Each structure stands twice: as C-alpha cells, then as structure tokens.
Amino acid sequence: MILFRHLLILLCGSLLIVSSGASLALEAKSGYEYIKPATRAMQDDDFENPGMLAVERGLELFNNKQAGARQSCAECHGEDGIEMDKKSIARYPVVDESNSAIMTLQQTIGECRKRTGSQALPANHADLIAMETFVRNLAIGEVVDVQTDGAAVALLEQGEAIFKTRYGLIDMSCAHCHGMYTGLMIRGQKISQGQANGFPAYRLDIGEMTNLEQRIQQCLTSMRAEPFAADSEEIKLLGLYLMSRSNGLKIETPAVRY
Amino acid sequence: MRIKAGVITFALLVSPLSGIADESRLPDDYCAWEVVDYAIEEPLCGLSGDAARGKQIVTDAYKGNCLACHLLPVDGVEAYGNIGPPLHGLASRMSEAQIRLRVVDTRHINPMSIMPGFYRDPRLINRPAKDYKGKTFLTAQQVEDVIAYLETLK
C-alpha cells in the first residue's frame, strides 16, 4: 500500500514536470512584437512603409518582359500575380524530396527567369530581392508553413546546429541572443526571437531591403565573423531552420525592422 | 594552501587542439595567462592599467562596447543593454583577479556565457572575419585599462 502511494506521488510529480515543461515552451512571436510603436506604425501604413517601393518595383518586373525574355512572369502567373497560390508561397523555402536540396524563393524566381530567357542576375541582386518581396507580399497574412517532415528533418537538424554555433570574434551563436535573451535590450534595441516571417524586410539600420539570407550575413558580419556566401549550403540550412521556427506566424512582408 | 586541482594552465588548455590552421597562429605579442581558483592573479603581460583610458574603452562602441549589454554608472547612455548583470559596485563584490578572468574569458566560469572573451586565445575563435583573424578583441593593455576602471566601481 505504501509502495502504491509512493508510485502515485512519483506519477503525479512527473505529470507536473511534463505540464510545466509544456507551458515553458517558446511561443513564436513575430519581430513585430519587439519593435518600437513608431516602427510598427510605419510598417502598417503602405504609404509610410519603405518596403512598399520594393513591392512596386517587383510588380513592374513581374508584369513586364525582361531584357532578352521570351515572356513575362505575368503571362503564366496572371497579371499582378493574381493566379499565384498563396499557400505555396508560404511554404518557402521548400525541400526537394528527391535530392534533399533546399530551394529558396529567390532561387525559384531565378529558375523561372532562366526558363523564360531573362538575363541571369547574381544572388541578392536588388531586382531579385524586389521580385522576392513582391511575391512574398502576395501571401501577406498567410501562415508560414515550412515542411518539417520527410527530407526536411535532417536538414532542419543541420540548420539548428548552425543556429547554436558560435561565430566570429564576438563569439556568439544565434541561440544566445534570439533564444536566451529575447525581450531584453542590446545596444538600445529589444532582442527579438529572430523570426523570419517578415522577410524580405526593410531595415531602418541600413536603409535597405534585406532578405533572410542577407540578414544572416549581416548578423554574422556584426559578430565579426566571415559571413557565409549568399548561395552557400550553410545559409540555406540556417534559413530553412529560421523559417521553420516561424511556422504558424503570419507573413508580414515587407516588414520594417531595426 | 591553494587548491591545485583548480589550476588550469593555459598551455594545457589549448595544446590538444591539433586541427588549428596555421594562418590562425597566436600573435607574437600574445601573453599566456593562468586561471587559478576562477581568477587570473597576474596582470596580462605584467602591464598596469589606467582607469581613465579604461572608461573610454568601456564606453566606446568599437572597443569594449560594454554598454551594449551591461548597465554601468555612466551618464548620457541611450543605446544601453541589460542582458549582462549591472556592473555598479562590481569591485566591492569581486577581487581584481576575479574581474580579470571575467574580462579575459568568462567561459571558464560559464561555458554557455554570451559574453565575448576580450583576451581569449584567438585560435579558439570560430570563423573570424579576415580582418580579425589571429586577433584578440582587446589588447592586453586595453584589458588592463578596463580592469583598472572596473576597480573604481565600489
């Protein structure tokens, strides 16, 4: 009987631990929750949001035939992208099950450009970022829905390992700031969770549109680390992992961030 | 009597790292240091610090940049941070030798610490940018200056 009581206590105890653990799980919060009210207001007003210039530039590139191209994006995807599937956009970056390759939205746009004979652009060219911003903006309000099963599992593990690795002379990992110290202040800015749902975003700090891959590079540079190349495997793995952390958050492109 | 088990000599700590690239060899002027009982007793390279210079390094965003993370009794700071502990009265809580280890390489106290090691062995830095390869965050003199300033926070 005493044994039974002990077992009961043990069982209740472990249940308590499990339930309190669940309540401590990190709830995904958009960077929007961490920026200053004036920055939020800027993001919310299409006329004030500087990122809308990139959306307009992307729209122009989308609707019109590019130099050397046989057709425009709009000829397949509808004028102003009206026929694009928002849910498919929200799944980027996507994983190719056949070879476990990660495909970013920018890469897909680049492949489309290649197929239609448009001039090839280097990774993160301003026009590519404008098109990425335009396409992503079509899915504004849609919930981020990155694949987390199948071939994505192993890739996400690798991305998470990068997230937890220290880089550069400043010697911090992404997890340090965006995991341990979320909500506290660093150099006058509130530290966000490092969510990706607002990207490409307009960055007030540098006054430029920035996609997720570039933001990773900028973070590494400020850690005084050698940044990963724009089209490197590391940046795609980390980008996939970051976007998977944003699953369930609404797309805000173009967000305004510090 | 000093507890010898707590002694980590610096040479022992780094020697097993055989995979280190030649290009990141220790700079010629790097001074070895020794951790004893969670402290570094000897000033780096035997230098003595200057508190006034130390205060400048502490507040300079391109040098110590301490205010990015720590609250300090310095006036007129707008871009402050609070992820590290406040440093008011630090010298009344810790010895100079304990402060020295925390500035040099606090990971000997907390391996998960976010704080950069300002005089960490540069060969332990993962993927430094080209301009920073083989360099410490601060020079030995700057570290001693910072410690001299922190010593004034009583």
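**A loop and its helix in chain B**

Modeller: B:Cys45 sits in the loop between strand E2 (34–36) and H2 of chain B; helices (H or I, at least four residues) and strands (E, at least two) are DSSP runs, numbered from the N terminus. Do keep in mind that this is a predicted model, in which local features need pLDDT of at least 70, side-chain atom pairs count only at pLDDT 80 or more, and totals for chains, interfaces and linings use all residues. Residues are numbered from 1 along each chain as its sequence is written, while chains are lettered from A and ligands numbered from 1 in the order in which they are written.

Most residues other than glycine have a negative phi, and most peptide bonds are trans. B:Cys45 is not a glycine, yet its phi is positive, at about 55°. With 16 other C-beta atoms within 10 Å, B:Cys45 is partly exposed (buried means 20 or more other C-beta atoms within 10 Å of the residue's own, exposed 12 or fewer, partly exposed in between, with C-beta atoms placed from the backbone).

Now follow the chain into helix H2 of chain B, residues 51–59, where B:Gly54, B:Ile57 and B:Val58 are buried. Looking down the axis of H2(B), these buried residues fall within an arc of 100°, so they line one face of the helix; the arc is taken from the directions from the helix axis to the C-beta atoms. Helix H4 (140–150) of chain B is included in what covers them.

Beyond H2(B), B:Asn65 lies in the loop that leads from H2 to helix H3 (96–105) of chain B. B:Asn65 also has a positive phi of about 55° without being a glycine, and its 19 C-beta neighbours inside 10 Å make it partly exposed.

As for the setting, chain B has 4 helices and 2 strands, arranged along the sequence as β-α-β-α-α-α. Of its 154 residues, 32% are buried. Taking contacts in chain B between residues at least 6 apart in sequence, 61% join residues at least 24 apart; a contact here means that the C-beta atoms, placed from the backbone, lie within 7 Å.

Where the two chains touch, 20 residues come from chain A and 19 residues from chain B. On the side of chain A, helix H9 (174–180) and strand E3 (185–186) each give two or more residues. That side divides into 10 nonpolar, 5 polar and 5 charged residues (Ala, Val, Leu, Ile, Met, Phe, Trp, Tyr, Cys and Pro count as nonpolar, Asp, Glu, Lys and Arg as charged, and the others, Gly among them, as polar).

Chain A has some backbone details of its own. The peptide bond from A:Tyr92 to A:Pro93 is cis, with omega near -5°, and A:Pro93 belongs to the loop between helix H5 (86–89) and E1 of chain A. Strand E1 covers residues 94–96 and contains A:Val95, which is buried, with 23 C-beta neighbours inside 10 Å. Leaving out residues up to four places away in sequence, A:Val95 touches A:Ser100, A:Ile102, A:Gln147, A:Ala151, A:Ala152 and A:Leu155. Another cis peptide bond runs from A:Thr253 to A:Pro254, with omega near 0°; A:Pro254 is in the loop between helix H11 (233–245) and E7 of chain A.
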